[in-house]
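Here are my notes on this one, jotted down as I went through it. Keep the 3D view open and follow along point by point.

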Amino acid sequence: MKDKFDYFIKTENNKWEVIIGLEVHAQVTSKSKLFSSSSTKFGEKPNTQVSLVDSAFPGMLPVINKFCIEQAVKTGLGLNAKINLRSIFDRKNYFYADLPAGYQISQYKNPIVGEGSVTLDMPYGTKKVGIERLHLEQDAGKSIHDLSPDNTFVDLNRSGVALMEIVSKPDLRSPDEVNSYVKKLRTIMRYLGTCDGNMQEGSLRADVNVSVRKQGEKKFGTRCEIKNVNSIKFMEMAIESEAKRQVELIESGKKIEQETRLFDTKKNETRSMRSKEEAHDYRYFPDPDLLPLVIKQSFVDNLKNELPELPDKKKERFINKFKLTPYEANVLISENNISEYFEEVIKTADIKLAKNWIIVELFAVLNDKNLDIKDSPVSSKNLANLLNLISSGEISGKIAKKVFELMVQSGDEPSKIIKDKGLQQQSDPKELEKIVKNVLEKNLDKITQYKAGKEKLYGFFVGEVMKASSGKANPKLVNDILKKELKK
Amino acid sequence: MPIDKNQVKKVAKLSRISLDDSKLESLSKDLVSILNFVEQLNKLDTNEIKPLTSIIDKSLDTRDDTVSDGQIKDQILKNSPEKNEDFFIVPKVVD
Amino acid sequence: MNDLNDISLSEIIKLVKSKKISSLDLANHFINNIKKGKKLNSFITTCFDQTIKDSKNFDKKQNFDGLLPGIPIAVKDLFCTKNIKTTAGSKILENFVPTYESTVTNNLWKEGAILLGKLNCDEFAMGSSNETSFFGNVINPLENNFVPGGSSGGSATALAASLTPATIGTDTGGSIRQPASFTGTVGLKPTYGLCSRWGIVAFASSLDQAGPMTKNVEDCALMLEAISGYDKKDSTSINRKKENYSKNLKRTIKGIKIGIPKEYRVDNMPKEIEQLWKNGIDILKKSGAKIIDISLPHTKYALPTYYIVAPAEASSNLARYDGIKYGYRSKKGNNLIEMYEHTRAEGFGDEVKRRVLIGTYVLSSGYYDAYYLKAQKVRKLIKVDFDNSFKEVDAILTPSTPSSAFKIGEKANDPISMYLNDIFTVPVNLAGLPAISIPAGKDHKGHPLGLQLISKELEEQKILNIAFAMEKEIDFKQSLNRWWE
């Protein structure tokens, strides 16, 4: 039975629904910036990835990066969204030290991508989350406040990097849904190669809009925006603390001020950003240094044809064709590289073994060594070989684990390891009979106890046979022979 | 009166230009006369007209995604009134 | 070598090519004139040592392949010149030294020209009299205490006074054509997008264009050829084959259809301007042109439209002057916002402040639709007026300015009265069309007056040719008594 949705802020008298909308900023995987040709590489020395255009010197002009347009369109297609063949770049005007031109080039009324949707798998069923739009915009530089007590240091490396801003409709209703949504977006973009979704490096961050309303009410409450949350965990925490704050305010008779807030990760609470002046009259107008962006339908169609199989489709196929559970499918499609690896392995190996070994054994190793599956020490070919050796009975599952360990260390293929270390399963019935009889002869008293009813001792006998055979005895045969001998 | 002194103050704040009282006075006068002048446009009915979005009849040219700029830190910082070897230096935003 | 003051750029080039004169000779001559011309205040920066050095280099190499071999040329201080101070006539860029060269000036140097210095202009190109420059007023060489026009006032004065054989300015609402008219010189604003804006200090991005300012039409064609051309660094640059304006220059009037827009006959138009215009029409008629009355119904809305669109774009373009990356920074201010506010209050002059405030206002929330959006719609109507008229005529003839040069200080206190100087020139920028002003007469004080020819986009050759023909018939002569030396 499926769980029911049950995220509410529950107070003495009321049940409050939490309404969430997300504005996700995803850095495009381009090598150079959106409107200039300097590098987007992360972590470089300050102000080295900066051109005259990035730092808004007099007379500098923007020229748009074709690759960024392609990634925005691809992402839009991945979100089942409308691609606008004609879009406009607007200037968003405000002053800040890390915004050298005093304006950010963004898209306001005519974004490149329109409405779309994303489907989430929640424990209580599938949930469709509407996408309002996606547009391209410049990132700002970085203001560093803690290197000096009186001054701020400005690094413009990031200034001008291409961002895709993905705006959701206010369809999300819980931190879990937000978690799922962000992960879904991330997966889609990683599949498409349009954004690497690396939240630690800031390639993916979100502004979270939160409001509350009594369960059953139709009208939306006043919302607050929590800016620049850069991890999913913090998003979840921020939502919960902000929702609670709003509920408290309303229940004590106060009004919610529509404002921008920051999430304090140490105090686990949101606080108001104090830019209280006629803040945020951005005076959007079309950037006169740029002409309207017009793309052809054929351009869009070509990109569509080149799209890889997207996560939802792949998941459906994995469940239907390979008989995986939704959970297993989710894991195996979470990255393109993982699904590719899986499909390679099952070309020659058993599906059940493959899914278990990848999800449990291989992932444990990759997590431990902090590796991506594309850098796996065990290749898909070698894993397939190992699994086939289990299927054919040449080694037991237990021995296979040992072999796997050695494969991780050496990268060698399993047959070689088995041969070198003499780990072949012992499946000769005559040999096994010898060992079993040997074990039983040594433990006559235990046989008596067993026959008297102590059934647990069966395991002891099996264990002793395994010990005697250095673990190589074929478990099935051992069972058959042991049962036969014990009957005697 | 198309604009009063308070509005001028707000606009000056938005434009990050400080105005003392006498400047505020004289600029307000000027702005009133300029805005009065441009009010004439209201005589025209432009409901059915689409605004001019670009003066040239062409759409945006694009460039390839290659890195061919940057790595000019010294040039970038050279003209800054306050800087160190690596950063621009500005007073803190009061918060 | 005082003849050098009286001959054209094209003639000077002939002398250079025939080795009758060296680049060094030219450099020395103009440097001498500049030194004697301090009263005119037309230069902000000179680089005499560099100029001499470059001219000597040229004479050594003697490469006559370019259009401007070894010719020293001063340029408006709005063009960023590498390692040479570029101020835009403003305190806020008082000590700014670019590490890069604008595309248009680079084109000049590629053709063999050498930099003579940076010319005074209205601050950030905002003005019609060169009275808003932080570096002081420029004086019209025709008569002391008279303005040369603006914003390319320094350019027009230096040219008319032969402190430079030719020059380039920028034109956003008339800033090349109006000073050309006030100083008896030729000025051309090309089609929007014909010349690159990369490296030019931006005022109003959808209106700014660089253009030549010269003593005659032949020189103008040559300079236009040198500076024009596609630049992929400017997204608004037109990608088409460069034209040979110089080679294709010929006197063409016969059979040409010239439009006379009735709306340009404004209320209280001075009789001298009327007469000037009539004289122009007569010359054209005599030479075989067909004169057609046309209507540009939205003409009177052009100035108010301009004074919404231009300040709006300027308010955004000037936001980068914040004392952080370059330029002036105030010593006052305890935090970032105060630093911005004092820097910009101290760094910008009054006209710039006016326009930034207007621009910010017309873009602000609640006013955008009523002002900016409305202006962009009217702009469309103005462009359509021109497009329609060019279905019937080849070019349009109008006066360049509603008067001749006025006295310094005469209009400084009334912004609107100052703005009205651009009444004939502004519609052209709004429509992105090319236009040229040629000296066509004088007023009762003996001060020059110009006539303007406007054509469809990218038809510079057409108006150059008509102007070339008219110039011969008009035979405008101007002799200066060099009172400033």
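1. Let's start where chain C meets chain B. Here 63 residues of chain C are in contact with 52 residues of chain B. Keep in mind that this is a predicted model, and every value below is computed from it.

2. How much area is buried between chain C and chain B? The answer is about 5,200 Å², and carbon and sulfur atoms give 68% of that.

3. Now for the charged pairs. Between chain C and chain B the count is four salt bridges. One of them joins Arg329(C) to Glu82(B), and the closest N and O atoms of this pair are 3.4 Å apart. That distance qualifies because the cut-off for a salt bridge is 4 Å.

4. The polar contacts come next: 23 residue pairs between chain C and chain B, with both residues at pLDDT 80 or more. As for what builds the side of chain C that touches chain B, several helices each supply at least two residues, including α10 (302–317), α11 (336–347), α12 (350–363) and α13 (369–389). The largest share comes from α13(C), with twelve residues. Sorted by type, the residues on this side of chain C divide into 34 nonpolar, 16 polar and 13 charged.

5. Together the two chains bury about 2,700 Å², 60% of it on carbon and sulfur atoms.

6. What is the salt bridge count between chain A and chain C? It is one. Look for the side chains of Asp289(A) and Arg197(C), which meet at 2.9 Å, N to O. Polar contacts between chain A and chain C come to 16 residue pairs, again with both residues at pLDDT 80 or more.

7. Last, a look at chain A by itself. The chain is divided into domain 1 (9–303), domain 2 (309–420) and domain 3 (429–487). If you want a distance to check on screen, the C-alpha centres of domain 2 and domain 3 of chain A lie 33 Å apart.

Notes. Residues numbered from 1 in each chain as written. Chains lettered and ligands numbered in written order. Predicted model: local features only at pLDDT ≥ 70, side-chain atom pairs only at ≥ 80, totals over all residues. Heavy atoms only, no water. Buried area = accessible area lost by both parts, 1.4 Å probe. Polar contact = N/O pair within 3.5 Å; in protein donor to acceptor, adjacent residues only side chain to side chain. Domains from an automatic or database assignment. Contact = heavy atoms within 4.5 Å. Helix = DSSP H or I, 4+ residues; strand = E, 2+ residues; numbered from the N terminus. Nonpolar A, V, L, I, M, F, W, Y, C, P; charged D, E, K, R; others polar.
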